[in-house]
Each structure stands twice: as structure tokens, then as C-alpha cells.
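Here is a short note to read beside the model. Please keep the chain in view while going through the points.

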Amino acid sequence: MRFINFQLIAYPELPEDFVQTHKSNWVTADPKLFDPARVGLLYNNAVDLLVAAAESGYDAVGVNEHHNTGYAMTPSPNLLAAQLVRETSDVAVCVLGNTLVQYNPPVRVAEEFAMLDVMSGGRLIAGFPNGTPMDTAYSYGINPSELRDRYREANELITRAWAADEPFEFNGRFTQLRYANPIPSPLQKPRPPIWIPGSGAVETWDFCCDNDYLYAYMSVSGYYKAQHITEGYWDRVRAKGIEPNPFRGAFAVFLAAADSYAEAKEKYGPAAEYFFNRAFHVAPEFGNPPGIISEATLRKMFELSGVSDEELWDFSAPGFDELVEKSFVIAGSYDSVGEQLEALARRTNVGNLVTVTSYGNMPKDVADAHTREVGAKVLPQIRGLFEDEWEHRWWPEAAGLPAHVRNAQVKEAVR
Amino acid sequence: MTETINAYTVRAAGTECRVWEKGTGEPLVFFGGLGGVPKWTPFLDALASSRRVIVPSPPGFPGSADGHKGFSSYLDWITATLDILDGLSEVDRPDVVGASVGGLLAAELAAIGGERVRKLVLISPFGIYDTKTPGVDPFAVVPNDIPLIRSNQPARFAEAFSPPADASPTEWAIMLNRVEDASARILWPFGDRGLAQRLHRITQPTLLLWGSHDKILPPAYADKYAALITGDVQTKTIDGAGHLAAVDQPDIAAEHVLAFLSA
């Protein structure tokens with residue numbers, strides 16, 4: 001089992017009546033709410049906390065990309081990752097990821113990810129998200145009907161660029177380059193492992209299978225809601241005659257672990273409630289622009305339930321107990337959280353857990369202690385899960401090696 | 001009206017497109033608005049009382065195939081619209097009426113096709129967007145609010161877009177979803193595709209119809225079109241109508257159209 005510690009970076013001082021007085025904390029989020037000096041501090045805190053995670057048993061540290069929002073203030077995750085590759089030495093650095101269609105031309109992703117990979121000594125996990133509609137269609141004005149095709153084309157361009165040993169011509173529908181030739185190339189060959197964060201589109205499952213990419217279910221909606229999605233993914237994996245290797249799947253979880261459930265609730269409950277009930281406030285009209293959901297996925301959604309946009313984007317709950325009940329947060333004593341994670345991992349057959357231990361308006365010292373406690377007391381309980389039975393082929397080989405061994409390898413390679 | 005609708009297809013930009021026809025007289029080609037024309041409407045019936053009304057569905061719109069998904073640029077939509085006009089039989093210099101997204105296509109037809117169009121009617125057309133005259137984003141709306149944004153007469157809107165008794169609700173929803181997809185491909189995000197640079201090429205007599213309660217493109221836009229079109233322009237506001245004015249006030253809209261075309 002591999003553990004990625006993940007930072008979303010929510011703005012922690014939204015007013016108490018934020019949900020009543022503001023329509024959305026995404027797309028049309030009120031920019032006046034976010035004090036630049038405070039945000040600067042939050043970025044530095046986030047890097048500090050990820051470095052603390054790297055020191056306390058996590059296998060990777062991770063950041064992602066969102067726009068026009070105060071719930072995850074990371075429009076440029078590569079700027080944070082650039083610090084993480086310097087500040088850490090042996091963990092994988094997981095950028096989950098760069099929203100391919102938002103980089104124009106998309107060779108920009110090939111270049112920046114290659115820079116991160118060479119700077120880290122080959123420790124990069126390259127995330128290729130389709131992007132949320134809030135980010136792509138509304139904040140970046142990209143025609144939602146074209147997103148999937150633009151994404152496929154960008155993926156083709158980037159992976160081809162990483163594999164190329166000479167300049168090539170790329171004549172796509174959306175990007176035309178007579179001289180595609182991004183330099184440098186990544187250190188990992190043929191390329192860094194590619195992870196695809198998804199939210200249940202059937203095309204994405206096939207895309208992961210067909211390209212040997214990892215599928216990461218990144219919704220914060222908890223594993224009860226998500227179970228049919230991981231099942232759908234593994235159904236596709238099996239249907240294509242591929243081994244259901246748990247390491248080709250990842251899952252995101254919010255954690256609240258302490259000596260007891262009561263203590264976890266007391267320490268982390270307010271931060272969880274802040275995140276789900278205040279910061280993650282999205283106007284439902286930004287959730288479903290025309291054409292973003294394929295007809296195949298739409299049919300599946302109709303079959304499954306008929307969840308309305310309002311429900312789809314409502315992650316609130318009256319209080320911490322209800323958040324836990326809905327499985328948005330996995331909470332309890334260290335042993336209980338370990339058991340719950342093992343059950344979750346076995347049930348969803350997922351070998352990579354993207355753990356969020358610092359969230360909402362959790363103070364830095366509390367977040368630091370929580371991250372370290374989980375690293376020391378929860379992760380060891382299930383570290384061995386799946387490791388003997390399956391080979392992890394979606395993980396940077398250099399990650400996990402002590403820095404001096406890796407440096408020696410790099411020197412050898414250069415020679 | 002007991003006369004039946006004549007249905008056939010034409011090939012446009014590589015896509016089989018549905019055409020509906022009814023009535024006799026001089027040809028009148030109608031391009032529908034947001035949501036397309038999934039059902040024959042009272043507005044079309046009123047026109048068909050004295051005209052041969054031809055309703056093509058562009059790629060992705062109701063009844064047509066989904067070749068639009070392979071379109072690379074806006075130029076493909078212009079090509080499709082010109083192909084549709086070419087594909088209609090015994091139609092020489094028709095009058096063209098376009099509403100909303102179909103109004104944009106009709107305006108392009110007149111601007112680029114020139115002689116091919118006799119008279120032009122634009123009902124709340126997309127094509128120009130001025131951030132000083134903001135409208136509601138038609139593509140950031142929860143499903144329950146769509147009638148309120150696009151129409152000022154929810155009962156008439158429901159009549160125009162609800163599934164007929166013999167339709168599968170799932171397939172109907174998929175079809176309407178595809179129309180949204182096609183419309184967004186044409187319009188995203190404002191519907192401003194540089195039409196202002198081509199409007200001077202419209203030399204045809206032109207009628208602009210605008211719903212008084214258009215929330216998406218406020219009636220003030222009529223003046224912006226009138227100022228740029230070279231041909232004679234008349235403007236009429238339809239009281240009590242929203243963006244889809246021909247759905248909201250079919251009789252009044254048809255009366256204006258027929259009076260203008262026969263003048």
C-alpha cells in the first residue's frame with residue numbers, strides 16, 4: 001500500500017455566514033475575501049506540512065490544480081511541486097495534476113513535468129486530469145463540448161514528445177506544431193508514471209486501461225458514493241483482460257485519527273465541518289456544462305439513479321458525525337482508522353491512498369501533529385497490503401531510495 | 001392544421017440532417033434556437049398557413065446525426081449551414097428566419113451566402129456580445145431553471161420541449177443534451193464569433209424581433225445589429241416574450257414575420 005499526503009489549501013477565514021451570503025466559492029468566488037498576505041503564508045505552510053509528511057512515513061506528497069476558487073488555491077501546482085522536489089529527498093512528488101487542456105500549447109506540460117522529473121531525480125508522478133467543469137469550461141472559458149477531444153489530443157502530443165528522440169511535426173485538430181521538440185526530456189524512461197484523476201466517466205476507465213495509466217478516484221464524496229465507480233473501473237479492467245492489480249487504482253480519503261473517536265472529533269471536527277460545509281461551496285449551475293458528459297456516461301447515470309446537479313455538488317452535512325456517516329471523513333482511533341482504511345482498500349481494491357490529513361481551517365500546528373501521528377500510528381498497520389502479491393508499475397522507481405543512493409545512480413547515468 | 005409534416009434528410013458537412021416541411025407557397029427556411037426544434041410548434045403552423053415552411057436541423061440538433069462532434073472550428077458550422085441550403089430541393093433565394101443560435105447561423109448565411117437569401121428575420125440572434133450589456137449565462141443554469149432563463153411563458157416552453165407521450169424519456173433527454181452540446185460548440189462562451197465584422201455584408205431587408213423579457217440577450221442588442229447591417233432594418237419588440245420569443249408568443253411573432261416578408 002502506498003500513501004500520498006495531499007494538500008488542497010483552502011482559505012481558512014471565510015466568514016461564518018459565507019454559504020448564506022455567497023453563491024459559490026468556485027468560479028465566481030469573491031476575490032475580496034482572500035487576503036494575499038494570508039495566502040502567501042498558507043502556501044508556505046502547505047509546503048512545510050508536506051515536508052513534514054515526507055519525514056513521517058508517507059510515500060509521496062501531492063498537490064493539484066484548481067482555478068477561481070478559495071477551496072483549493074492552487075492554480076499552478078507546479079510552483080509548489082518545484083519547492084517540494086528541493087525540500088524532499090526520497091518521496092515521490094505527485095502532481096495530480098496539470099489540467100492538460102488548460103496549457104496552450106500542451107507541450108508546456110511536457111516541459112514543466114520534465115523539469116520537475118529531472119530536478120527530483122526521477123521522482124515525479126505526472127497527473128493528467130481532464131479538469132473539473134468549474135476550472136476548464138467556466139474559469140478558463142474552454143468549450144466544454146470539445147474538452148474530451150482536446151484532452152486526448154494533448155495526451156497524445158505530450159506522451160509522443162516524451163518518447164521522441166528528434167523534433168517532430170504535430171498536426172492536430174486543436175494544436176498544430178511544425179516543430180514539436182520540448183527540452184528537457186524526463187529522467188524516467190519511457191516517461192514518468194501517469195495518473196488520471198477521474199470522477200466516474202466510463203471513457204476515462206477505458207482510457208486508463210488502454211494506455212496503462214493509473215485511475216485515481218479523487219472525489220471528496222467518500223467511498224459509499226464512490227463504490228459503484230471503483231466497481232465500474234474494475235469491471236472495465238477485467239473486461240479488457242487486464243489483471244486487476246490494485247496498484248493501478250488510487251482513492252482519496254479525508255482522515256481524522258486520534259486516541260479515540262471523541263478526541264478525533266474534538267480536534268479535527270471543526271476543520272472538517274469548515275471544509276465541507278463552508279469552503280467547498282459550489283454553485284450547482286457550474287457543475288454540468290453542455291457536452292462535458294458523454295452520452296455513454298449520461299446513459300449510465302440515468303440507469304444508476306438520476307442524481308440532480310444540486311445533489312451532485314452538495315457535500316454538506318449537519319455536523320462531523322454526519323460527515324463521517326456519509327464517509328466523507330474516515331474518523332476514529334488510530335487502530336480504527338487503520339482497520340477502516342484496510343476494509344476500504346480491500347473493498348475498492350485500491351493500492352494507493354491519497355490521504356488528506358490537513359484540511360479546512362485546521363491550524364498549522366494541529367495539522368502537523370495530525371499528519372505525523374497518522375504517519376506513525378495508522379500507516380504502518382496496512383503498509384504491507386498488496387505489496388507481496390502485486391508489482392507496483394505506476395510508481396517512480398527512484399522514489400523510496402535514499403538520496404545518496406539515488407544521487408550515485410544519477411551520477412552513474414550521467415557518466 | 002391537419003396537413004402532415006414532410007420529413008427527409010439532407011447531407012451537411014458530412015452529417016445527415018433532418019428537414020421538416022409543411023405548407024405551400026414561397027419557401028421560408030427556419031433555424032430554431034436553443035433547444036432546437038424537437039417538435040413542430042404553433043409558430044411554425046402559423047407560418048405554414050401561407051408559406052412553404054422548411055425547418056432544417058443542423059448537425060447535433062433534433063433528429064440530425066452528431067457529425068458536429070468532429071468539427072474543428074466554427075467554419076465547419078458555416079459550411080454545414082451552406083450545405084443545408086444547397087441540399088434543399090426547389091428552393092431558390094428563400095426567406096430565412098433564425099432564432100437565437102439559429103439566428104446566428106441565419107445571419108452568417110445572409111452575410112456569407114449573400115444573394116442566396118431573399119429577406120432575413122432574426123429573432124434574438126446570438127453573434128454579438130458586449131460586456132457592457134450583460135445577459136444571463138445560458139449554459140450555467142440548473143435544469144429546473146432553464147425554462148425561466150430561456151422563456152417568459154413556462155407553459156409554452158414546456159409544450160415545446162417536453163417529451164411526447166410515445167417518446168422514451170431517456171432518449172428524449174439524451175437528444176436535448178446533444179442539442180445543448182451542439183449549441184455550446186457554436187456559442188461558447190458568449191456566442192460572439194466575430195459576426196460584427198461580417199454584418200455589413202447583410203444587404204437584405206432585415207427584421208429584428210426581440211422578446212421584451214429576453215434575459216440572455218437583452219433587447220438593447222437589437223440596436224447594435226441594426227447599426228451594423230447594411231440592408232433596411234425594422235425592429236419589433238414582442239411584449240411578454242423571453243429569449244425564445246417564437247415559442248413564447250407564436251401568433252404575434254408569426255404575424256410580424258409574415259407581414260414583413262409579404263411587404
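**Notes on chain B**

1. Contact here means heavy atoms within 4.5 Å. Helices (H or I, at least four residues) and strands (E, at least two) are DSSP runs, numbered from the N terminus.

2. This is a predicted model, in which local features need pLDDT of at least 70 and side-chain atom pairs count only at pLDDT 80 or more, while totals for chains, interfaces and linings use all residues. Residues are numbered from 1 along each chain as its sequence is written, chains are lettered from A and ligands numbered from 1 in the order in which they are written, and side-chain values use heavy atoms, without hydrogens and water.

3. Helix H7 of chain B covers residues 221-228, and B:Tyr221, B:Ala222 and B:Tyr225 are buried in it. Seen down the axis, the buried residues of H7(B) fall within an arc of 105 degrees, so they line one face of the helix. The arc is that of the directions from the helix axis to the C-beta atoms. The face turned away from the buried side carries B:Asp223 and B:Ala227, both exposed. Buried means under 20% relative accessible area, exposed over 50%, partly exposed in between (1.4 Å probe, protein chains only).

4. Chain B contains nine helices and eight strands. Of its 263 residues, 57% count as buried. Among contacts in chain B with a separation of 6 or more, 76% join residues 24 or more positions apart.

5. The C-alpha atoms of chain B fill a box of roughly 45 × 40 × 40 Å along the principal axes.
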